[in-house]
Structure formats: structure tokens, C-alpha cells
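Me: I am new to protein models. Could you walk me through this one?

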Protein chains: 2
Amino acid sequence: MKGAHVAEQTTGARPTLEAVAALAGVSRATASRVVNGGAGVRAPLVDRVRQAVEELGYVPNLAARTLVTRRNDAVAVVIAEPEFRIFSDPFFQEQVRGISRELTAHDSQLVLLWVEDQGDHDRIARYLGGGHVDGALAFSLHDEDELAAVLRRAKIPTVLGGRPTDGIGPDMPYVDCDNRGGAREAVRLLVDRGCRTVAHLAGPRDQTSAADRADGWRDALGAPDPDLLCQGDFTAESGARAMAELLERRPDVDGVFAANDLMASGALRVLRERGLRVPEDVAVVGFDDVASIAEHTDPPLTTVRQDIEGMGRLMVRLLMRLLNEHGSGAPAPDPLITPTTLVRRASA
Amino acid sequence: MKGAHVAEQTTGARPTLEAVAALAGVSRATASRVVNGGAGVRAPLVDRVRQAVEELGYVPNLAARTLVTRRNDAVAVVIAEPEFRIFSDPFFQEQVRGISRELTAHDSQLVLLWVEDQGDHDRIARYLGGGHVDGALAFSLHDEDELAAVLRRAKIPTVLGGRPTDGIGPDMPYVDCDNRGGAREAVRLLVDRGCRTVAHLAGPRDQTSAADRADGWRDALGAPDPDLLCQGDFTAESGARAMAELLERRPDVDGVFAANDLMASGALRVLRERGLRVPEDVAVVGFDDVASIAEHTDPPLTTVRQDIEGMGRLMVRLLMRLLNEHGSGAPAPDPLITPTTLVRRASA
DNA sequence: ACGGCTCCCGAGAGCGCTCTCAGGCCGTCC
DNA sequence: GGACGGCCTGAGAGCGCTCTCGGGAGCCGT
């Protein structure tokens, strides 16, 4: 109580390690040791320092610490504005959750940076390059993406979520799921259950995940009629539109592989409206296995599951490895590709 | 080119101000002056330093700068997990956009901190208290909210979005819109257009914005029959449910003030299903004027507009004022209440 | 009892930057 | 021509922390 009172006298100025050391009657070095775990300090001293910390309400000055350790214990998650919508995407939320959990396990802080427009890139670059964070995580970079350049220029260890487009270059490590393999499996299921005309409701052309899934569809089918691919953009509405278009073009379709669950749910709606039975008349498979969608469609959706939270965690682990190797001239690590599993429900 | 080459020789280690100064043939102090705007340095020297900066690819070490200036030029936006859903809320997105824009104008960086669970509070407290950010912005705090305690303990200048509950204390400045006044106006419109039985579809009890709007409804009506208030939770479904319940209890209702646009849209749907005409049989007013909703309901929604982005900007401005006054013993500033305006469309 | 060892602790040197302060230079005014 | 003032610049003192290094104390073995 009396101690706390003294502390409040020196109002404003936050107590320094020096003050803690003085109060505990030890050197600054010892106080520092205690604050950082207390290894190699005798118990009675540890206690005295701990008490002094408590009494003064000491909190280490991170800037000072960073200055000497060159660590920040903070990682930036960079989001570009056009993709801010991904916030509303359960997929992304789950991934960020994984990132956050893993970061906590590594005693690191998540710093979310939001790039709003072009002018922001300088600011972001300054921030990233200025040494406020140890590394960065970014999502699905595109060739024309200024962000890629910023990241590269900042020379900051970076891990990407989702395979970048080819123009980004091979030195950017990334984590992705086996989109192509998962898609192959999905289509094979459709074929195995007897579908003769398997179409694909494709995701946006400029996203590699969508492209890879389309490739998987082609893989499994040999050289499918291009008419069987209808373009969408990962939204439910686009799935509905693509399904309607498909029915127009190819009324004989009896199997549909949608690029994600949202599109599949849109397709399901259209099928229902047209009085087509799922899976009897048309079997449908999605991708992602987002619980809030796949389990509640009518009928429940057969889909390709990817471990989204796990991918978030992997991104962090990969980054941590990068951080440890940083400067050691180690080669850029290989991308991490997580496996997918087919989840059978009622739609196929 | 040759310079850049030299720079790359000293690989790994980032160039320091010292190196820039040496290359430019000036003192570190002068180099620092140039980097920070160049005031009071003769043009030829400025040029030489600028060139050296360019050549070496110098980026100031923010930790070192922060250590001496005690500024971070960064502000934390703290989001508690239970409210992570607000990401998907267009209301929140718009507010964050306002915050981001205003922060950029103040040359500050937005750092988004996400509190996931109880264990995170320590980490957040360390981060906030550790001096990585100059101030914090948080949203609609509740009495039982651990976050409030963390913020207070960190002794970090904080501005709240939305009036906190009374238990939080009066010393936390906040920005909010005139919920009560806006609600009064909405109800008055209903009364003026001849509604005799004006009900309220209320938002969640534990949010002050919802409580204030309900109070505004009471204000305008004197002492309305408590039966006329149906509880919801700001979601469209809850609005539909409340509307259905209301119709059950009071079939004579001819005016409805919904706590927000989403609830109003749910109510509109129920009204339509029951074959009741809007506004002829029942007039409806919402709150928020979220464009993506209010303009697209059937009929388009009459609602109370609040300047959401503006509120975000105001939060930042208020925080900046706090930052400037910090330590000067100035009294906690008054909350900022922004006015609302009634937007008349077709539903009332 | 003494050399050597281990174990703790304190002194002190920075990390990279900003900012005060004093001094040098020049122009101006008497 | 000398004194004064203004404008630039450089030297140097930290900001608060970590970490190396050396010394002192205690312990062991012989």
C-alpha cells in the first residue's frame, strides 16, 4: 500500500527497470533477468524483484527492448482493401483464428494492418520496414498486386496464405491446401456414383485456388467439354447464376462440382426451384466445408474439407522458422500443402 | 548503382542514420533533421542526405525513435472476440474505415488487436502498456467487460465507440450518436403521420445504443404500454420474430420503430407475409441508414441516419486531443454526440 | 588448506535515434 | 571596423533495455 503510494507520487513517468532494481536492492541486470524469466537468479532475489515490479506497477518498455534484441514479438497480418470483404468470409475468420492462437503460443502479438488504397502502401511499407513487426502474413497475392512489391521491398520475412500467382516469384513461401487434389477427389466421387456429365461452377479466374480447383476437375475428367464450366466468383449468387446458365446450356448435367460451399448453396437453391432432386437428378459437391453453410443446406452438402484453422497455424509456424533462419542464408522453404478430405453428406 | 552495390555488401544489417551521415559527409544530427523534414538545413546538404538515404535504402528504426520521442504514431483498435462478428457488420466496417482515414491524416498507423479469450487479456495489457501504441480505441464496453479493466490498467489514452454502460465510469471519453434524440424523432414522425399505436422492436438489452433508442421511443410517447415493446437482438431474424410476436399481442399496431435497419427489414418481411401493407396499414421506421439494407428493402426504409464514418473520424480526433493533453492534468473531455437525421423513404 | 570449479551478481557498453546546446560563420548596423 | 544577432551545424548526452564479461563467493576434491 505504502509502496503503491510512493509509485503514484512519481505520477506520469512510468517506472523503469532502474527504479525496480533500486527498490529491490539489486542491479539493473539482475532485475532484467528476473523480468525475463528469472533464470540464474537465487530465489530470494527473484522474490524481491518480483515484489518491486508489483509495487511499482512496472511494465517493460517494449521499444527499448526491441532496440537491443531486434525482436518485436509481433507479426503483421496484412489485408488489402479489395479483400476486406474476406472479413465477412467465415473461411478467413477461421484462418485468422488459427493464426491468432498459434501466435499466442509463440508469445507473439498479432497486428492487423489494413491497406486501404494506393497511398497506404507507403505507410505500410514504412511500418513493415520500420521494424515494428518481425514478419508478415498476407493473403493470396496477385501479379499486379502492389502489396507484393511492398512486402518484398520491406525485406521482411513473409508467409502467404494461398498460392500466389506465378508472377510473384518462387521465393515467397506459402501455405495452401491441395486444391487440385481435393477437386480431383470430388469429381471422382461424382463419377464413381454414376454421373456421366460432371460440370464445374468455377471461382474467380484471378484466384489461384479457384484455378487449381478447375484444373483438378479437368484432371479427373480428361478433357471435359469447356461448355461444362460456368464462371462464378465464390458468392452464393454467382453459384445460382452459374447453375441456371449451366442448366440452359446442358440440361443433361447430372453432377456438379462447385468451387466452394457458398456457390454450391446457390446452385442447390436453383436446383430446388427447378424441381430437380439432389442427389438423384443432380449430385452436388462443394469445397471448403464451412460448417455454417455445408451442414445447413438442403440437402446437407457433400464437400471437400480443408483444415482452415490448421492452415493459419501452419502459416505462423512457417514464419517462425523463417524468422529463426533469417540471415543464415538458408534457402526459401518449400510451400506447405495441406491435404484435403472428402466429407460425405447427402448431396452426393 | 555503385552505391547500391556497397549497400548490399553490408548485407543483413540495416543501414543506420550514422551510415547515412557518413555517406553524405554530415553529422548524424543533420541527417536526422533531414529525415524528419529537413527544416533548418541548407538545400545542398538536404539533397546530399536525401541521396544517401536513397542509396543505402535507409529506413529509420522505429524502436529507437520511439524510445526517445515517446511517440509511436500508432493507435490500437481493440476488438473483443464476442464482438468479432462486428466485422461482418457493415456498420463497423464503415466506422473502421473512418478511423483508418483519419489516422492516416494524422500520420498514424492503425493496429488492430483482437482479444480472443481471457488469457489474451494479459497479452493485450502488456502490449498496450508496453508502449507500442499511443492510444487505443475500443467499442461499446460493458460493466462486466474485462477489457475495460485492462484498458484502465494500461493507463493508455482511450476513446470508446458507443456509450459505455454506467459501471464503466465517466472518465472514459466516447463518441456516440444521439440515439435517444434520433429515436424520438422517428417515433414523432410515426405519430405525426397518424399512427395511434406505435410499437418498438428493441435491440439487445445490454447495449446502451439499444437502451437509448428504447428510451427515445418512451420519451416521444409518454408512458407507452410495455406490451408494445418486443425484444430483439439487432439481427434480421430477431426483428421478424419480434414483429410476429407483436402482431399476436397487439393486432391494432399501426406504427413500428425498429431499433436498427436489420430488424426493420425482418419486420417488413413478416408484414408482407401477413398481407399487411406498408406504410398504409403499418408504417415502419428503422435506425442506422445502412445503405446496403435501407435502400433495398421493399418498400425502401424510412430510417434514422447516423454519420458512421464521421463517428470513426471523431473517435480519432478525440484521441489525438487526449494525446496532446496527456499529462497536462486536463479534465476528461466530454463525450462527443453526433446528431442524427431522419431519412424519409417509402416505409413511413 | 589450496587450486580449481561453478554459480551468481554487478558494471558497463552499447542498440539507433532525437534534441539540446554551444560554437562557427556570415551579414548587418552603428 | 567591431559588436551583435541570426542561422546552421556538430558534439554529446541520454531514452530504457539486454547481454557480455569479469569478479567474488561458495563448494568440491585432494
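**Reading the model**

Reply: Chain A has 14 helices and 12 strands; helices (H or I, at least four residues) and strands (E, at least two) are DSSP runs, numbered from the N terminus. Its radius of gyration, taken over C-alpha atoms, is 26 Å, well over the 20 Å that the globule rule (2.2 Å times the number of residues to the power 0.38) gives for 348 residues, so chain A is more spread out than a compact globule. This is a predicted model, where local features need pLDDT of at least 70, side-chain atom pairs count only at pLDDT 80 or more, and totals for chains, interfaces and linings use all residues. Residues are numbered from 1 along each chain as its sequence is written, chains are lettered from A and ligands numbered from 1 in the order in which they are written, and side-chain values use heavy atoms, leaving out hydrogens and water.

Me: What is the mean pLDDT of chain A?

Reply: pLDDT is the predictor's confidence in each residue, from 0 to 100. For chain A the mean is 87. Over residues 1-11 of chain A, however, pLDDT stays under 50. Where pLDDT is low, the predicted coordinates should not be read in detail.

Me: Does L322(B) count as buried or exposed, and why?

Reply: Buried means under 20% relative accessible area, exposed over 50%, partly exposed in between (1.4 Å probe, protein chains only). L322(B) counts as buried because its relative accessibility is 13%.

Me: Where is L322(B) placed, and which residues is it in contact with?

Reply: L322(B) is in helix α14 (residues 308-325) of chain B. Contact means heavy atoms within 4.5 Å. Leaving aside neighbours within four places in sequence, L322(B) has contacts including P157(B) and P333(B).
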